[in-house]
Amino acid sequence: MANVYEVAARFYDVLSGERVVYRAGRESGVALLRVRQGDTVLDLACGTGLNFALLVDAVGPSGTVIGLDRSPAMLEMARRRVQLNGWTSVRLVEADATAFDPIVVVNELPAAAEGFVDCIFSSYAMSIFNDWHPAWDRARALLRPGGRACIVDMQLPVGVYRLFSPLVRLAVAIGGADLKARPWTIIEREGVDVRSVAVRGGHIRVVAGTIP
Ligand SMILES: C[S@@+](CC[C@H](N)C(=O)[O-])C[C@H]1O[C@@H](n2cnc3c(N)ncnc32)[C@H](O)[C@@H]1O
């Protein structure tokens with residue numbers, strides 16, 4: 001189902017409901033991640049790079065953002081965004097998040113990072129993976145002890161916003177997501193100092209924490 005991203009990469013930014021719905025989640029997520037200037041951040045399944053502006057700003061000129069995605073077409077859009085904005089701190093890696101060799105990320109890290117990233121960020125992606133557990137294990141192996149992680153993903157809206165559930169179900173079916181995946185639970189289980197918010201009627205769940 002991830003092939004939809006190969007076919008629709010060019011239109012993703014326009015058709016994905018970014019302005020009305022999903023930007024709110026990435027903004028909350030980057031805020032909760034508490035990135036520091038100089039940090040290295042792994043953006044797991046970065047897509048067209050819609051998180052990059054926030055992350056590049058957060059890590060500052062001495063930091064590094066590594067965007068990993070398995071779709072060459074989505075990465076091409078990300079590459080264009082990076083070039084257009086002149087972001088020299090962004091590196092792009094084409095790999096399957098559930099099966100990548102960590103060395104492909106390590107190779108992109110500055111020497112001072114000593115083979116670790118300071119933060120993991122993943123938005124609207126882990127619920128699309130066939131199984132997000134191996135992706136988490138791989139990303140976590142790259143995270144320095146005491147690093148921060150944030151997962152932004154989708155669930156059905158709650159309260160009066162349940163009215164929008166049919167729309168949500170349609171959108172996630174097109175995108176290939178599994179609303180039962182709930183990948184943020186790994187941070188709730190493994191993290192300390194865990195912070196979470198739900199935005200857009202509870203549809204978007206944002207969970208961040210420190211991973212010991
Ligand atoms: C809905 S998009 C989200 C992109 C981006 N994180 C965002 O917030 O806009 C899902 C992305 O996950 C990527 N993806 C799906 N399965 C993947 C996998 N196994 N490994 C790496 N990327 C994957 C797709 O190529 C696509 O770019």
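Does Tyr5 count as buried or exposed, and at what relative accessibility? I looked this up in what is a predicted model, and Tyr5 counts as buried because its relative accessibility is 17%, under the 20% cut-off. Tyr12, at 22% relative accessibility, counts as partly exposed.

I then went through the aromatic pairs, of which the structure holds two. Tyr5 and Tyr12 make an edge-to-face pair, with 6.2 Å centre to centre and 65° between the planes. The other pair I noted, Tyr22 with Tyr124, is also edge-to-face, at 4.9 Å centre to centre and 75° between the planes. This pair links distant parts of the chain, since Tyr22 sits in helix 3 and Tyr124 in the loop between strand 4 and helix 7, 102 residues apart. I checked the accessibility of Tyr22 and Tyr124 and found both buried.

For helix 3, residues 18-33, I listed the buried residues, among them Tyr22, Arg26, Val30 and Leu33. Arg34 follows helix 3 and has a positive phi, near 55°.

Turning to the ligand, I recorded 18 residues around it, with Arg26, Ala45, Asp69, Ala97 and Ser123 coming nearest. The shell divides into 11 nonpolar, three polar and four charged residues. An N or O atom in the side chain of Tyr12 is 2.9 Å from a ligand oxygen, a polar side-chain atom of Asp96 lies 2.8 Å from a ligand nitrogen, and one of Ser123 lies 2.6 Å from a ligand oxygen. Taken alone the ligand exposes 600 Å², and the protein buries 97% of that.

Note on methods. Residues are numbered from 1 along each chain as its sequence is written. This is a predicted model: local features need pLDDT of at least 70, side-chain atom pairs count only at pLDDT 80 or more; totals for chains, interfaces and linings use all residues. Side-chain values use heavy atoms; hydrogens and water are left out. Buried means under 20% relative accessible area, exposed over 50%, partly exposed in between (1.4 Å probe, protein chains only). Helices (H or I, at least four residues) and strands (E, at least two) are DSSP runs, numbered from the N terminus. A residue is near a molecule or strand if one of its heavy atoms lies within 4 Å of it. A polar contact is a pair of N or O atoms within 3.5 Å; within protein, one must be able to donate a hydrogen and the other to accept it, and residues adjacent in sequence count only if both atoms are side-chain atoms. Accessible areas come from the Shrake-Rupley method with a 1.4 Å probe; for residues, only the protein chains shown count as cover. Ala, Val, Leu, Ile, Met, Phe, Trp, Tyr, Cys and Pro count as nonpolar, Asp, Glu, Lys and Arg as charged, and the others, Gly among them, as polar. Rings of Phe, Tyr and Trp (its six-membered ring) pair if their centres lie within 6.5 Å; planes under 30 degrees apart count as stacked, over 60 as edge-to-face and the rest as tilted.
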